[in-house]
Amino acid sequence: MNYLIRSKKLVTVSQLGTVKDGAMVIENGKIAEIGIWESLKEKFPGLDVMDCSNYVITPSLVDCHTHLLEFAPTSLYPVSSETHFLAGKAILLQALSAGITALGEQICGHPLCDFSKEDYQKAVDGIPIDVSFATTSISIGFENLAHFTAITQSRGVTQYDLSDPILVQMIALLSDYPGENIFINATPANFTEKEVPRAGEIIYTLEELKKIVKIYHRLGKRIGAHVGGEEGIKLALEAGIDVLHHAHGISDKQINIAAKQGVKVVATPMGGTHLQPNSPEEILKFFQKDIPVSISTDSYLPPYPGTSWLPFQDQTLKGPDVLMLIAQPAMQLLKKHHYDENKILALLTDNPAKLLGKDDTFGRLEAGLEANFLVSEGIPGLEITAIDQIKHVFYKGVKVIDRL
Ligand SMILES: [Zn+2]
């Protein structure tokens with residue numbers, strides 16, 4: 001169906017910036033034209049009009065670092081392997097209802113999950129949400145460190161295996177984008193502090209890391225790493241890692257080095273490592289150094305305890321529905337520093353789309369891109385944080401969430 005949709009303002013996150021009293025022509029699931037309502041209505045007199053002139057239209061959100069299909073189902077629901085993906089689909093619907101139409105999912109290997117990447121891909125087939133998969137290895141900070149990989153699935157591997165060139169190459173070949181392909185520090189994952197006393201421990205030597213990076217680069221792939229703390233970040237930067245996931249506790253000097261090396265950052269202000277997560281001030285510093293930074297939930301995750309910029313009172317697991325909420329402190333600080341609202345919204349749209357390598361498909365409102373957009377009471381994250389303030393979610397031009 002082709003139509004014209006009218007809005008109070010369009011925050012395009014593209015060269016067009018913000019268009020007041022704007023409209024978009026949607027043709028065959030794509031954005032065909034963007035402009036002022038008055039001129040587009042004259043140019044396209046025959047088109048059906050969807051009047052959203054009381055609302056703001058923005059690109060829909062991209063959460064580029066999540067664990068919704070592997071870790072979340074067994075954490076949230078009493079599922080068996082037969083019903084695992086039924087839970088996964090419920091979780092994806094929740095993400096969609098929170099305005100997220102694209103995800104960067106991690107497949108790490110998990111003691112309870114014997115699924116291949118193909119199984120995960122099949123599970124999301126036909127769901128109106130775009131999912132990219134990063135295949136990874138993972139090291140969990142239990143009393144006895146536990147290591148898994150996307151290839152070996154539920155079978156644990158040794159710390160030595162993590163650097164095995166054949167295994168690393170198999171993981172790298174399957175990976176769609178630079179998610180947290182390796183864990184430089186052991187992770188607390190979504191376990192409580194007591195369960196994971198060794199979270200934070202460094203897993204690799206610099207030599208091992210350099211070899212792993214070389215394998216990815218030889219295959220023409222970029223590599224991302226789960227990393228936190230100055231020691232781990234130093235290793236990541238020296239080894240030539242392309243994307244730092246979390247980078248909690250990064251020093252000012254390391255921010256400068258990352259900027260010089262063209263490293264990207266996926267900030268996770270809710271938690272995800274053994275350290276206090278990215279503060280709004282830290283995200284501002286990335287901005288000031290022109291480091292492409294995305295904000296992501298890493299969900300499902302318990303919020304890091306005692307974090308002053310988070311509104312949560314307890315440690316229950318939080319999902320992608322809190323993306324706007326955890327991004328707001330940083331987004332508002334950027335606004336205070338006079339950054340343009342389009343540049344700020346890119347944290348949740350264009351920047352993560354670029355990280356996924358899909359910025360020629362979605363992430364902005366721009367002619368030629370998929371019509372993936374939100375009709376909301378304000379700019380997501382910056383002005384609104386409650387998911388019911390998102391009135392409609394459109395995916396490829398089709399309304400998939402309707403709250404009016
Ligand atoms: Zn993660």
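I started with the largest pocket, which holds about 340 Å³ of space. A pocket here is an open set of points on a 1 Å grid over the protein atoms alone, with protein on both sides within 12 Å along at least five of seven lines. The volume is the space filled by probe spheres set on the points, which are joined across faces, edges and corners.

The model is predicted: local features need pLDDT of at least 70, side-chain atom pairs count only at pLDDT 80 or more, and totals for chains, interfaces and linings use all residues. Numbering runs from 1 along each chain as its sequence is written, and side-chain values use heavy atoms, with hydrogens and water left out.

I listed the pocket lining (residues with an atom within 4 Å of a point). It has 18 residues, with P188, F191, T192, E193 and P305 nearest the centre.

H65 is in strand β5 (residues 61-66) and D298 in the loop between β14 (293-295) and α10 (323-336), 233 residues apart. Strands (E, at least two residues) and helices (H or I, at least four) are DSSP runs, numbered from the N terminus.

I then checked burial (under 20% relative accessible area, 1.4 Å probe, protein chains only). H65 is buried at 0% relative accessibility, and D298 is buried at 3%.

Conventions
Buried means under 20% relative accessible area, exposed over 50%, partly exposed in between (1.4 Å probe, protein chains only). On a 1 Å grid over the protein atoms alone, a cavity is a set of points where a 1.4 Å probe fits but cannot get out, and a pocket is an open set with protein on both sides within 12 Å along at least five of seven lines; lining residues have an atom within 4 Å of a point.
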